[in-house]
Amino acid sequence: MGVKYNENKEVVRLIKEGLEKNGGYCPCRTERTDETKCICKEFREQIKDPNFTGYCHCMLYYKSGEDA
């Protein structure tokens, strides 16, 4: 299993700028709670799922399969 940044450097740049402006909260979410602080609760739970492969909600991170 591996979690890495999106390979699209422009997406990473834009999301990181949004995170900085929002105090570390996901720029794709309207709420500012512990659940939306990067790495958000939704993606932390997806990381734990051995069957999940894909991007976090804002597309900053990508989790590859269990055997990657």
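Predicted model: local features only at pLDDT ≥ 70, side-chain atom pairs only at ≥ 80, totals over all residues.
1. The protein is built from two helices and three strands. The C-alpha trace spans about 35 × 25 × 10 Å along the principal axes.

2. The next point concerns surface and interior. Of the 68 residues in the protein, 32% are buried. The accessible surface amounts to about 4,700 Å², and carbon and sulfur atoms account for 49% of that area.

3. Contacts across the sequence also deserve attention. When contacts between residues at least 6 apart in sequence are considered, 38% of them join residues at least 24 apart.

4. How many aromatic pairs does a search of the whole structure find? The search finds four. A pair of aromatic rings is described by two quantities, the distance of the centres and the angle of the planes. For Tyr-5 and Tyr-61, the ring centres are 5.3 Å apart and the planes meet at 15°. Planes under 30 degrees apart count as stacked, and the pair of Tyr-5 and Tyr-61 is therefore stacked.

5. Where in the chain do the two partners, Tyr-5 and Tyr-61, lie? Tyr-5 belongs to strand β1 (residues 2-5), whereas Tyr-61 belongs to strand β3 (residues 61-64). The two residues are 56 residues apart, and their pair thus links distant parts of the chain. Tyr-5 is partly exposed, with a relative accessible area of 39%. Tyr-61, with a relative accessible area of 16%, is buried, since the cut-off for a buried residue is under 20%.

6. Phe-43 and Phe-52 form another of the aromatic pairs, with 6.3 Å from centre to centre and 80° between the planes. This arrangement is edge-to-face, the class for planes over 60 degrees apart. Are Phe-43 and Phe-52 buried or exposed? Both residues are buried.

7. The two pairs described above should be read together. Tyr-5, Phe-43, Phe-52 and Tyr-61 form one aromatic cluster. Within this cluster, the student may compare the stacked rings of Tyr-5 and Tyr-61 with the edge-to-face rings of Phe-43 and Phe-52.

Notes:
Residues numbered from 1 in each chain as written. Heavy atoms only, no water. Helix = DSSP H or I, 4+ residues; strand = E, 2+ residues; numbered from the N terminus. Buried < 20%, exposed > 50% of the residue type's maximum accessible area, 1.4 Å probe, protein only. Contact = heavy atoms within 4.5 Å. Areas by Shrake-Rupley, 256 points an atom, 1.4 Å probe, with all protein chains shown as cover. Phe/Tyr/Trp six-rings, centres within 6.5 Å; stacked < 30°, edge-to-face > 60°.
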